Amino acid sequence: MTRLESSADAAVATSAPLETRRSTGRRVALFTGLSVALVVFALVSAGMGQLQIAPGEVWNSLLRGLGLSDAPATAPHVDAALWTIRFPRIVAAILIGAALSVAGTIMQAVFANPLAEPGVVGVSSGAALGAAVTIVFGLTATSDWVTAGASFLAGLATTMVVYLASRSGGRTEVVTLVLTGIAVNAFAAGGLALLTFLGDTASREEIIFWQLGSLNGSRWQEIGVIAPLVAVSLVFAFVLARQLDLFSLGERSARHLGVNVERVRIVSIVLVAVLTCAAVAFAGIISFVGLIVPHLMRMVIGPAHRGLIAASALGGALLLLVADLVARTAVPMADLPIGMLTSLVGGPFFFWLLRRQRKGAGGWR
Amino acid sequence: MSLVAENVSVTIDRAHLLTDVSFAAIPGRVHSLLGPNGAGKSTLLSVLAGDRVPSSGRVVLRDRPLADWPLRELARTRAVLTQEHSVTFSFRSREIVEMGRHPWARTSAEDDDDREIERAMTATDVSHLADRPVADLSGGEKARVALARVLAQRSPVLLLDEPTAALDLRHQEDVLRLARAQAAEGDAVVVVLHDLNLAAAYSDEITLLERGRVVAHGAPADVLTADRIKAVYGQPVDVIEHPRTGVPLVLPVR
């Protein structure tokens, strides 16, 4: 458009070269770094614990288990310890970390708010409440899927409630979102307390386990449930990525650009519920993963969702893997609840984000 | 490609936001919507955009009711600049303008993306902001980036809700020159404005709204008379002819 000569000239004079999209180098470095760290930590983590196993030995056992090597084990019990206890736990950490982190990323996109997170807004506690109901009323005996299903339904309902309650005019205000989270968390805590009161000792212990969050006792059977849920959800998340980007403009503008806002919103809410509940049903409430990881990843590769979802999945997996390693090994002979750890780190982080957000947006919004 | 509203009314809780409004945006013309606060300008624009379904009457885009248009095809045909320009997350200006190309993804027009984005950013004078996060920009800069996104959409019907709000003198003129340029290329342009003189200078036609009704429609000189402006806005004005161009100049009596 040459009609605006004066402004066009000014633009040329001061213009940075247009081919300055976020450097691909940074992206490559991030993905390589996260992948390498994930593998290294997985091997190291598998070797640590009461029975110390060298990373090389872990690797051999891994190959043996997959039928790729027939070198004999150097010590007894190595294969048993790794394959029945540590490997499933590591795989669970990776899957659940990825699930929670991607759930946070999607939630932040549809809520158009960087503070939305399944734990913070109460979806996790809602899901835990659903799971607790099946425990106290003895419905768990039938199948692993019952608890997962109940926590999914409760989580889905909670996500809907939070979504409807905290939105106005196509955006979510921070205050409303946080207050809605407080209300939902309070209600869920009350419900859990009631169930704890009603339940027998065994159920009580299980409910407490849920509230604190732990990867202790992960089994392959559970992974068989989580893995397909996470895999399918991730595929959907990638498909939605471009449209989630447009939500940053506000729902009205997204619609003007051809996005079927209602459909994307519903699919996203279901994805958040599936991912959160897959995690909660087997590991309890692990908060803040979905808050910290996407935020850090955005700082490195920017907010475009295609890259962000992949990076968040890797980053979440790594974070939970490391957190679980700490949970298992920080105190000798004790297994700390991992939800407690993520909250201890995530709470202050949330506070910092909140303050930054307030400053950045020129007030609460 | 014309966009026509036929006898549109919008009623919410017995409040009549629009009453029996008819309106036509015609290719090659800049059509301004004027009126005091609360007259229904933005409501009419949102009806034209398809955001709001009128309680009665209908909106037709190229001989097809607006409601029958698939969203993506609609997005290739009409673009909307809303009054809200804020962006969540630190997307950079260029990324925002790129979003304007979304309706063309996976079509042959996708090949033109880079050219269209640069054209739009040059026209709105935001090329030098390409790498800046939109969240860090001033209000006027944000508005221009949003306008660049709308232009990059390359649709023949443009709906602009107060595109000059928050802009300085030169950029106000730039935006309306741009609207004229788009009309010269055959686009139908609808602009909601508050500045009567901008409207007088750049519009082919003006629709003046008051309390949800059309009080006047026509060429600027016919619509903007001193008596009518006083009656609608409640502010006495003098209307004189611009000594050089002859367009009406509206001067509040002070």
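Leaving aside its neighbours within four places in sequence, which residues is A:Ala99 in contact with?

Modeller: Keep in mind that this is a predicted model. Once you set aside the neighbours within four places in sequence, A:Ala99 is in contact with A:Val230, A:Leu275, A:Ala278 and A:Ala279. The setting is the largest nonpolar core, which has 180 residues, and A:Ala99 and A:Ile96 are the two that touch the most other members. Helix α4 of chain A, residues 78-111, gives the most to this core, with 19 residues.

Now step back to the chain around that spot. Chain A has 15 helices and 2 strands, and 48% of its 365 residues count as buried. If you take the contacts in chain A between residues at least 6 apart in sequence, 78% of them join residues at least 24 apart.

How far can you trust the picture? Chain A has a mean pLDDT of 85, with 90% of its residues at 70 or more. Among its elements, helix α14 (residues 305-329) of chain A has the highest mean pLDDT, 95, while helix α1 (residues 5-14) of chain A has the lowest, 40. Over residues 1-20 of chain A the pLDDT is below 50, although this stretch has 30 contacts in the model beyond near neighbours in sequence.

Next, the partner. In chain B, 34 residues are in contact with 32 residues of chain A. On the chain B side, the elements that give two or more residues are α2 (71-77), β6 (78-81), α3 (93-99), α4 (113-123) and α6 (169-184) of chain B. The residues on that side divide into 16 nonpolar, 11 charged and 7 polar.

Chain B also has an open sheet of 4 strands, in the order β2-β1-β4-β5, with antiparallel pairing. Its edge strands are β2 (15-25) and β5 (64-65) of chain B, each pairing on one side only. Helix α1 (residues 41-49) of chain B packs on the sheet and touches β1, β2 and β4 of chain B, with its direction at about 120 degrees to that of β1(B). Inside the sheet, strand β1 (residues 3-12) of chain B runs antiparallel to strand β4 (residues 56-61) of chain B, and 5 bridges join them.

B:Ala5 stands opposite B:Val59. B:Val59 counts as buried because 21 other C-beta atoms lie within 10 Å, and the cut-off is 20 or more. Not counting residues up to four places away in sequence, B:Val59 touches B:Ala5, B:Val8, B:Val47, B:Leu48, B:Pro65 and B:Leu66. B:Leu3 is 56 residues from B:Val59 in sequence, yet the two are 7.3 Å apart in space, C-alpha to C-alpha.

Last stop in chain B: strands β9 (residues 205-210) and β10 (residues 213-218) of chain B pair in the antiparallel sense over 5 bridges. β9(B) and β10(B) form a hairpin with 2 residues between them, and B:Arg211 in the turn has a positive phi of about 45 degrees.

Conventions:
Residues are numbered from 1 along each chain as its sequence is written. Chains are lettered from A and ligands numbered from 1 in the order in which they are written. This is a predicted model: local features need pLDDT of at least 70, side-chain atom pairs count only at pLDDT 80 or more; totals for chains, interfaces and linings use all residues. Two strands pair if DSSP finds at least two bridges between them. A residue is buried if 20 or more other C-beta atoms lie within 10 Å of its own, exposed if 12 or fewer, and partly exposed in between; C-beta atoms are placed from the backbone. Two residues are in contact if their C-beta atoms, placed from the backbone, lie within 7 Å. Ala, Val, Leu, Ile, Met, Phe, Trp, Tyr, Cys and Pro count as nonpolar, Asp, Glu, Lys and Arg as charged, and the others, Gly among them, as polar. A nonpolar core is a set of buried Ala, Val, Leu, Ile, Met, Phe, Trp, Tyr and Cys residues joined through C-beta atoms within 7 Å. Axes are lines fitted to C-alpha atoms, for helices over the stretch in contact, and angles run from 0 to 180 degrees between N-to-C directions. pLDDT is the predictor's confidence in each residue, from 0 to 100.
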